[in-house]
Amino acid sequence: MNKRRINIQIIKSKLLNFDSPERLKIEHELFKNSAVLFPFMEIDKSLNVILIKRTNVGKRHRKEMSFPGGRFDPSLDNSLLDTAIRETEEEIGVPKEYIKIFGCLDDLPTTTRYIITPFVGLIQSGVELKKQDTEVEEIYQIPMDFFLNQQNFTETYFKIGSKKFPIYRYPKYNVWGATAHLIVSFIERVYGVSLSKSGLKRLNVDQLAAIELPK
């Protein structure tokens, strides 16, 4: 069995189902539900992570690197998985029949009062990626080995009240914030590698809810 097949099997075996009692599922009345697809594609025998750089459109996350995804829309989505799949098709042009879902990571609350549910999946090799020009400036295909390399990773923090809030970053591609945190969490769960050496933990949803957002 070659290395790329082993990697895929590791991913599938280490992830949790959405409804697994072992998966951290977060709900809070002050937070909006959202979902992303953490997508892989096999390219030239390399397992690549698909990320997008957002345009200047919108009030938040402008020019940021992120996974395809967005806010749950009850008029369009029956589930958070529907949200992740719908947003992936809208933002990078991949229909659901070309996506194989492997499982989930834990929910992640953000400082902007969103709860992100991350679904991990494989996009069929050879599928053309087509960016949605209004929201997506560029689509990146970055080898997983890049994110596994400690030399490509940095961490710092900022203070929220008396608490230190960790910030992870991959400077070469300016991947940081929630996206970098999800990548680091994925690496810890799937590969058993701890990139963070600070020992700092993100604030939980109740701690974040207690922070007054800027007007």
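In which loop is Asn174 found? The model examined here is predicted. In this model, Asn174 sits in the loop between β10 (163-170) and β11 (175-176). Phi of Asn174 is positive, near 55 degrees, and the residue is not a glycine. Most residues other than glycine have a negative phi. The relative accessible area of Asn174 is 38%. Asn174 is therefore partly exposed, as this class runs from the 20% limit for buried residues to the 50% limit for exposed ones.

A positive phi is also found at Arg113, again in a residue that is not a glycine. The value there is about 65 degrees. Arg113 belongs to the loop between β6 (108-109) and β7 (114-123). Its relative accessibility is 16%. Arg113 counts as buried because this value falls under the 20% cut-off.

Two elements, β6 and α4 (177-191), each give two or more residues to its lining. The largest share comes from α4, with six residues. By residue class, the lining of the second largest pocket comprises eleven nonpolar, six polar and six charged residues.

Key:
Residues are numbered from 1 along each chain as its sequence is written. This is a predicted model: local features need pLDDT of at least 70, side-chain atom pairs count only at pLDDT 80 or more; totals for chains, interfaces and linings use all residues. Side-chain values use heavy atoms; hydrogens and water are left out. Helices (H or I, at least four residues) and strands (E, at least two) are DSSP runs, numbered from the N terminus. Buried means under 20% relative accessible area, exposed over 50%, partly exposed in between (1.4 Å probe, protein chains only). Ala, Val, Leu, Ile, Met, Phe, Trp, Tyr, Cys and Pro count as nonpolar, Asp, Glu, Lys and Arg as charged, and the others, Gly among them, as polar.
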